[in-house]
Amino acid sequence: MAQHKTLCTARPALVKQIVCAEEGNVTVIQGRVMPSPRENRVVQTGGSTCACPLCQLHLDIKHTDVLILSQFLRSDGCLLPRRVSGVCRLQQRRVQQLVAMAQKAGLMPNLAPSSSKRDPRRRFGYKKFNKYYDESTIRDVQPFSSAMSAR
Amino acid sequence: MSSMQRAKQWATFARIWHIYDAKWQNPFDSSKTIAKYLKGQHKPIYHPLSDCGDHVVVINCRDIALPGPEWYQRVFFHHTGYPKGGATWTLAWELHEKNPTKIMERAVHRAVGGTLLRKGLMARLHLFPDEHVSEDLLRHVTSQIPQLRVQPRRLDSYSEEEVRDFPKVFDYPADHVIR
């Protein structure tokens, strides 16, 4: 199968979704180009010296803030890399640990690989019971309410 | 005594039934509050020998939450009294599987103190693994003890519109493949 490469100078700011469909004997793999689902929902923080979106927002994110943490995940529960999310190294480590806490507490069962047990009650042993975590045990970056304001 | 004074007398000295929802609460932190109500230390007329304690009904004991690794680190000791192998150390999750109210019971048993009054205080504690409480006990309940920890919400409890309309921290870069 010959690989065709198209050259174009202008790159449209669109995202892609790969859809795989089987119609009888034929497998159709389609790359759908579409506008980003987050187009009009991004928080605007103007006049900030820091390029990292989390440092600009200055929030104390807890492991129970599932609506914020799920933005950093793929549909199978994997973290998005820094070059996609645009956060700084320290915030990426903090988000990594918060996401691990939320996943262990069973708060994001729908963002998980297809082979995992989505409902915490179906897990084995101690994993079926409720757990909560203390965010102050994350040593790399302190929450913004205390240490960062002192800098 | 006038009827107003009689009503005040009853309101001061009556034994009240409180209800506490243990869902997503730490049993050891909640037991301190529950012990306070069992002894009657929340009342201005408190004295340890006055028998001024209240009843506490604890529901959803099955849904208590322990911090991090405590489910497999915390151990409950039991000795049968017989020699040679009478001592057993049971992990918290194993005990919770066998009897979902036992951890809460042990926590309150410790919080209430080692006095001779403990048996009477524990008799006024009513533990239930879920929300099913018999009507005989529920008809006495007139007060609720507030929860200590905020209950977290799971991601699938939010509707799709709520997740989609929530403000986003960053937008995907150009030509990013959504998986």
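Trainee: Hi! Let's start with A:R74: which residue does A:R74 form a salt bridge with?
Mentor: The partner is A:D76, and the closest N and O atoms of the two are 3.2 Å apart. Keep in mind that this is a predicted model.

Trainee: Which residue does A:K128 pair with?
Mentor: A:K128 forms a salt bridge with B:E97, with 2.4 Å between the closest N and O atoms.

Trainee: And what does A:R41 meet in a salt bridge?
Mentor: The side chain of B:D165, at 3.2 Å from N to O. This pair crosses between chains: A:R41 sits in the loop between β2 and α1 (53-57) of chain A, and B:D165 is in helix α8 of chain B. A:R41 is partly exposed at 34% relative accessibility, and B:D165 is partly exposed at 35%.

Trainee: Now a pair inside chain B: where do B:D51 and B:R15 lie?
Mentor: Their side chains meet in a salt bridge, 3.4 Å from N to O. B:D51 is in the loop between α2 (27-39) and β2 (55-59) of chain B, while B:R15 is in the loop between α1 (3-13) and β1 (17-21), so the pair ties together parts that are 36 residues apart in sequence. B:D51 is partly exposed at 47% relative accessibility, and B:R15 is partly exposed with a relative accessible area of 41%.

Trainee: Which residues do salt bridges with shared partners join into one network?
Mentor: A:R41, B:R164 and B:D165 are joined that way.

Trainee: Let's switch to the interface itself. How many residues does each chain bring to the contact?
Mentor: Chain B gives 38 residues and chain A gives 49. About 4300 Å² is buried between the two chains, with 64% of that area coming from carbon and sulfur atoms. In chain B, the residues that lose the most area to chain A are B:L155, B:V169 and B:F170, together 18% of what that side buries.

Trainee: How many residue pairs are in polar contact there?
Mentor: There are 19 across the interface, counting pairs with both residues at pLDDT 80 or more. Several elements of chain B each supply at least two residues of the side that touches chain A, among them β3 (65-67), α4 (92-98) and α8 (160-165). The residues of that side divide into 21 nonpolar, four polar and 13 charged.

Trainee: What strands make up the open sheet, and in what order?
Mentor: Three strands, in the order β2(A)-β1(A)-β8(B), with mixed pairing. β2 (26-34) of chain A and β8 of chain B stand at the edges with a single partner strand each, so one side of each is left without a neighbour in the sheet.

Trainee: How many bridges join each pair?
Mentor: β1(A) and β2(A) run antiparallel and are joined by nine bridges. Strand β1 (residues 15-23) of chain A pairs with β8(B) in the parallel sense over two bridges. There, A:K16 has B:V177 as its bridge partner, and A:Q17 has B:I178.

Trainee: What happens at the hairpin of β1(A) and β2(A)?
Mentor: The hairpin has two residues between the strands, and A:G24 takes a positive phi near 70°. Elsewhere in this pairing, A:V19 stands opposite A:Q30 of β2(A).

Technical notes. Residues numbered from 1 in each chain as written. Chains lettered and ligands numbered in written order. Heavy atoms only, no water. Contact = heavy atoms within 4.5 Å. Buried area = accessible area lost by both parts, 1.4 Å probe. Salt bridge = Lys/Arg side-chain N within 4 Å of Asp/Glu carboxyl O. Polar contact = N/O pair within 3.5 Å; in protein donor to acceptor, adjacent residues only side chain to side chain. Helix = DSSP H or I, 4+ residues; strand = E, 2+ residues; numbered from the N terminus. Nonpolar A, V, L, I, M, F, W, Y, C, P; charged D, E, K, R; others polar. Pairing = 2+ DSSP bridges. Buried < 20%, exposed > 50% of the residue type's maximum accessible area, 1.4 Å probe, protein only.
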